[in-house]
Amino acid sequence: SGTVDYTLEQFEGSMHMLYEGAALAILVVLWFLRDWRATLVAAAALPLSILPTFAAMSWLGYSLNTITLLALAVIVGILVDDAIVEIENIERHGRMGKPILQAAGDAVTEIALAVVATTMSLVVVILPTAFMSGVPGLIFKEFGWTAVLAVLASLLVARLLTPMMAAYLLKSHPSSAVRDGRIMSWYLATVRW
């Protein structure tokens, strides 16, 4: 019974942090996009990114422990980042009056390089932790590889599945000039100043 209670407490805390981060990421997406369909597509990126990460972790012989759960909890907001960028751009093109299939194609092509570059920047920042030497290296090897695998899985989901889901779940919008709200008007006036 020595460390069992402590280990279970760590596991439950890590899982709680993972769920909390996922819920907050989805709520923020809903708050900004204000479209439940777009939020659903962005939220689908979370499980679709974590499942391949679990498969790769199993292939590498990593267990679901405090370190790997910490990596997933730290990275959970980033997992939807690429999908959010894709969805937002598809929505923007859809509001230009384009049919949703064309909007999805144009939007994905337009930001392809930016999404890939952003993800590769994260990989370059996180990957060195997987190659640390000594005792810290033994601990951070699993952290680094888990985080990198999750980020790369999110890139695949954002580039392959998110546009496809958006093309079939989102609705086309008639072309109309959308007026900015009070906060956006204030923000733009401040930036112009």
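Colleague: What does Arg92 count as at 33% relative accessibility?

Modeller: Arg92 counts as partly exposed at that value, where buried means under 20% relative accessible area, exposed over 50% and partly exposed in between (1.4 Å probe, protein chains only). Please keep in mind that this is a predicted model, in which local features need pLDDT of at least 70 and side-chain atom pairs count only at pLDDT 80 or more, while totals for chains, interfaces and linings use all residues. Residues are numbered from 1 along each chain as its sequence is written, and side-chain values use heavy atoms, with hydrogens and water left out.

Colleague: Which side chain does Arg92 meet in a salt bridge?

Modeller: That of Glu110, at 2.6 Å from N to O; a salt bridge here is a side-chain nitrogen of Lys or Arg within 4 Å of a carboxyl oxygen of Asp or Glu. The pair links distant parts of the chain, 18 residues apart, with Arg92 in helix H4 and Glu110 in helix H5, where helices (H or I, at least four residues) and strands (E, at least two) are DSSP runs numbered from the N terminus. Glu110 counts as partly exposed, at 47% relative accessibility.

Colleague: How many salt bridges are there in the whole structure?

Modeller: A search finds four. Among them is the pair Arg159 and Glu86, whose side chains meet at 2.7 Å, N to O.

Colleague: Changing topic, which residues touch the most other members of the largest nonpolar core?

Modeller: Leu46, Ile75, Leu79 and Ile126 do, within a core of 23 residues. Helices H1 (4-33), H2 (36-60), H3 (66-79), H5 (100-126) and H6 (134-169) each supply at least two residues of this core. A nonpolar core is a set of buried Ala, Val, Leu, Ile, Met, Phe, Trp, Tyr and Cys residues joined through side-chain atoms within 4.5 Å. A second, separate core of 15 residues includes Ile90, Ala103, Ala107 and Ala167.

Colleague: And which residues does Leu46 touch?

Modeller: Leaving out residues up to four places away in sequence, Leu46 touches Ala22, Ile26, Val76, Leu79 and Val80, a contact being heavy atoms within 4.5 Å.

Colleague: What about the outside, say Tyr168: buried or exposed?

Modeller: Tyr168, whose place is in helix H6, is exposed, with a relative accessible area of 64%. The C-alpha atoms of Tyr168 and Leu101 are separated by 7.8 Å, although the two residues are 67 apart along the chain.

Colleague: Last one, how is the secondary structure of the chain made up?

Modeller: The chain has seven helices and zero strands, and its C-alpha trace spans about 65 × 35 × 30 Å along the principal axes. Of its 193 residues, 37% are buried, and among contacts between residues at least 6 apart in sequence, 76% join residues at least 24 apart.
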